[in-house]
Amino acid sequence: QVQLVESGGGLVQAGGSLRLSCAASGRTFSIYTTMGWFRQAPGKEREFAAAISWNGGSTYYADSVKGRFTISRDIAKNTVSLQMNSLKPEDTAVYYCAADRRTTAQAMRLIGVSIEHWGQGTQVTVSS
């Protein structure tokens, strides 16, 4: 069983920054796991934001966050982070940590709701 616990959400003004973190644990968690972040705004479907390969060597971003968000991971600590800069009101959403051994970082955006493991989500609110 795998548990993903997010932290770091909150309220920030437009143009500000936030850093989200996700800690993975569980007996069956493998370091060879692609991890990523999705987000879901009110009334909208969950959408891909960013993904990172198991060794951190490959990262992929949605066009909407490219250049503003940076995903990284600490293999030794089983954590993944999302540094969010230049935040916009349209970034307001619940952000979910995702983990899946079966996919690559490049393909994570395609498997959506089929992802193996999800965190409980953390709210990010950007005021204008």
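Student: Which two cysteines form a disulfide here, and how far apart are their sulfur atoms?

Tutor: Cys 22 and Cys 97 do, with 2.1 Å between the sulfurs. Keep in mind that we're looking at a predicted model. The general idea goes like this: a disulfide is a covalent bond joining the sulfur atoms of two cysteines. A search of the whole structure turns up one disulfide. The pair ties together distant parts of the chain, since Cys 22 sits in strand S3 (residues 18-25) and Cys 97 in strand S9, 75 residues apart.

Student: What is the handedness of the link between Cys 22 and Cys 97?

Tutor: Left-handed, with -80° about the S-S bond.

Student: Is Cys 22 buried or exposed? And why?

Tutor: Buried, because Cys 22 has a relative accessibility of 1%, and the cut-off for buried is under 20%. Cys 97 comes in at 0%, so Cys 97 counts as buried too.

Student: Let's move on to charges. How many salt bridges does a search of the whole structure find?

Tutor: Six. As a general idea, side chains of opposite charge can pair when their charged atoms come close.

Student: Are Arg 39 and Asp 91 buried or exposed?

Tutor: Both are buried. For Asp 91 the reason is a relative accessibility of 0%.

Student: What is the distance between the closest N and O atoms of Asp 91 and Arg 68?

Tutor: It's 2.7 Å, and the two form a salt bridge. Arg 68 counts as buried because its relative accessible area is 11%.

Student: Which residues are linked with Asp 91 in a network of salt bridges?

Tutor: Arg 39, Glu 47 and Arg 68 join Asp 91 in that network.

Student: And which residue does Asp 63 form a salt bridge with?

Tutor: Lys 66, with the closest N and O atoms 3.2 Å apart. Asp 63 counts as exposed because its relative accessibility is 65%, and the cut-off for exposed is over 50%.

Conventions
Residues numbered from 1 in each chain as written. Predicted model: local features only at pLDDT ≥ 70, side-chain atom pairs only at ≥ 80, totals over all residues. Heavy atoms only, no water. Salt bridge = Lys/Arg side-chain N within 4 Å of Asp/Glu carboxyl O. Buried < 20%, exposed > 50% of the residue type's maximum accessible area, 1.4 Å probe, protein only. Disulfide = S-S within 2.5 Å. Helix = DSSP H or I, 4+ residues; strand = E, 2+ residues; numbered from the N terminus.
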